[in-house]
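Dear colleague,

A summary of the findings follows it.

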Amino acid sequence: GPSIGRMTTAGVVTTFPTQAYVPVLAADPVGALWFPNGVGRIGRMTTAGVLTNFDLPGPLSAGGSMTVGADGNLWFRSTESPDIFRMTPAGVVTTFSDPSLGQHLTMAAGADGNVWFAEYANHAVGRITPAGKVKLVGS
């Protein structure tokens, strides 16, 4: 079934069950993994394999792009919305809307403390600050 695997440097594999197949992982500062865990849910698994699920508000599903920012929060995009979402380690979700946002590709945490992302529809690279200010470059 769906699971996350961990391999030691000696090649020993341990699997930990999830509720859905995991298309993308994001590691946080304490080594826990965040991932989409089925429709409307994000999972967080500790290095010991303890899984906590967080329900997303409304009809959201986490898309294939997520990252843990320098602020320690999970940043992600949804397949149902052009918005950017931030989830705290406690599962509190904040939505950041901006009229310039369109279809996305990937996200990455920057060394500058911002989260950077590729915008497919706008042919641009974007940046969102920890406060939620969006800026697109390119197009």
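M87 is in contact (heavy atoms within 4.5 Å) with W34, I42, F54, L56, N73, L74, F76, V92 and V93, leaving aside residues up to four places away in sequence. This is a predicted model, in which local features need pLDDT of at least 70 and side-chain atom pairs count only at pLDDT 80 or more, while totals for chains, interfaces and linings use all residues. Residues are numbered from 1 along each chain as its sequence is written, and side-chain values use heavy atoms, without hydrogens and water.

M87 also belongs to the largest nonpolar core, which has 14 residues; W34, I42, L56, M66, L74, F76 and M87 have the most contacts inside it. Such a core is a set of buried Ala, Val, Leu, Ile, Met, Phe, Trp, Tyr and Cys residues joined through side-chain atoms within 4.5 Å, where buried means under 20% relative accessible area (1.4 Å probe, protein chains only). Strand 7 (62–68), strand 8 (74–78) and strand 9 (81–87) each supply at least two of its residues; strands are DSSP runs of E, at least two residues long, numbered from the N terminus. Strand 7 gives the largest share, three residues. Apart from this core lies another, of nine residues, including W75, F96, L101 and M107.

Four strands form an open sheet in the order 11-12-13-14, with antiparallel pairing; two strands pair if DSSP finds at least two bridges between them. Strand 11 (104–109) and strand 14 (134–138) are the edge strands, each pairing on one side only. Strand 12 (residues 115–119) and strand 13 (residues 124–128) are joined by five bridges, and W116 has R127 in strand 13 as its bridge partner.

Yours sincerely

Notes
Buried means under 20% relative accessible area, exposed over 50%, partly exposed in between (1.4 Å probe, protein chains only).
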